[in-house]
Amino acid sequence: VKMVESAQPGTILLVEDDTADASLLIRAFKKSGVANPIRHLRDGEEALAYFEGIGELADRGKNPLPILILLDLKLPRMSGLELLQWMRPRRHLRRLPVVILTSERDPTYMEAAYDLGANSYLIKSPKEEDVLGLVELIQKYWIGLNEPAPIVLESRGSSGSLHL
Amino acid sequence: LEKTEVGARITWFCSGDNAVAYLDGHAFFDNRNNYPFPALLILDIKLSRRSGFEVLSWLRSRKDGLQRIPVVMLTSSRHSVDVNRAYDLGANSYLTKPDTNEQLTKMLATFDQYWMSYNEHPSLGVS
């Protein structure tokens with residue numbers, strides 16, 4: 001996998017199976033003027049294929065590793081928690097900020113999410129004005145304030161890190 | 001933090017040992033009515049006696065629910081070694097102290113809104 005350097009702002013990955021929720025979020029990101037490209041994936045398996053760079057997804061110029069992941073919990077095939085569990089032992093995905101974005105308020109899910117290494121847990125709202133506020137805050141905090149770990153290159157054998 | 005009128009109660013420690021004593025409920029802090037578990041831990045790296053990294057790694061190794069307390073590093077170090085180490089030990093977020101008070105006030109307002117109003121805190125399952 002080749003790393004393509006670019007001045008483009010980092011990609012935000014949205015893993016969400018509900019079409020209505022996803023389009024609400026994507027619209028809110030557009031409206032709030034977030035420059036980061038939003039990549040929408042529909043379930044945990046699709047996200048896994050993206051991270052693994054399977055098939056056409058191998059082109060990291062077109063499918064860059066994200067700087068932030070917004071992850072729903074209830075997803076078909078592979079759940080958000082399963083994806084998180086798969087991600088964290090992997091060297092190049094271990095330090096990526098994962099924000100759980102869900103309507104699930106069951107404390108058992110919250111506990112599991114934090115135990116598996118979620119950075120934050122947010123409840124999504126179906127109201128457009130609330131979503132806009134939430135998206136702006138996510139952008140302000142995770143893109144504007146939080147210090148990301150340097151990107152770790154995927155490796156086939158040797159490995160290294162790169163500052164962007 | 002006081003300037004930004006954070007609604008939460010803040011307990012401040014300048015040594016890592018004291019932070020651990022508080023979280024662990026040692027003698028002086030054993031009354032949880034007076035010394036409740038925090039909703040969030042803000043950690044500097046350079047602390048006397050026990051470093052922020054040591055506190056973080058102690059916290060994350062707990063098995064009783066305490067390990068879930070969200071931890072935000074707030075430090076002046078931008079070194080990638082420190083950033084990586086913080087995330088590897090399980091920090092939820094890493095913030096660097098800005099240069100001016102004005103920037104700091106702004107940062108803390110966003111911090112407060114994000115962590116204290118929006119983020120859902122896990123139940124710790126300890127009493």
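The crossing of α5(A) and α4(B) is left-handed in this predicted model.

From α5(A), the contributing residues are A:L134, A:L137, A:K140, A:Y141, A:W142 and A:L145. They meet B:M107, B:T110, B:F111, B:Q113, B:Y114, B:W115 and B:Y118 of α4(B). By residue class, this contact of α5(A) with α4(B) divides into 10 nonpolar, two polar and one charged.

Helix α5(A) also has a place against the strands of chain B. There, α5(A) lies across β2 and β3 of chain B, and runs at about 70° to β3(B).

These strands belong to an open sheet in chain B, where three strands follow the order β1-β2-β3 with parallel pairing. At the edges are β1 (41-43) and β3 (93-96), each of which pairs on one side only. From one strand to the next, the twist averages 25°. Between β2 (residues 71-75) and β3(B), the parallel pairing extends over four bridges. Within this part of the sheet, B:M73 has B:Y94 in β3(B) as its bridge partner. Edge strand β3(B) is thus a handy landmark for the reader, as α5(A) of the other chain lies across both β3 and β2 of chain B.

Terms used
Residues are numbered from 1 along each chain as its sequence is written. Chains are lettered from A and ligands numbered from 1 in the order in which they are written. This is a predicted model: local features need pLDDT of at least 70, side-chain atom pairs count only at pLDDT 80 or more; totals for chains, interfaces and linings use all residues. Side-chain values use heavy atoms; hydrogens and water are left out. Two strands pair if DSSP finds at least two bridges between them. Helices (H or I, at least four residues) and strands (E, at least two) are DSSP runs, numbered from the N terminus. Axes are lines fitted to C-alpha atoms, for helices over the stretch in contact, and angles run from 0 to 180 degrees between N-to-C directions. Contact means heavy atoms within 4.5 Å. A crossing is left-handed if the near helix is turned anticlockwise from the far one by less than a right angle, and right-handed if clockwise. Ala, Val, Leu, Ile, Met, Phe, Trp, Tyr, Cys and Pro count as nonpolar, Asp, Glu, Lys and Arg as charged, and the others, Gly among them, as polar.
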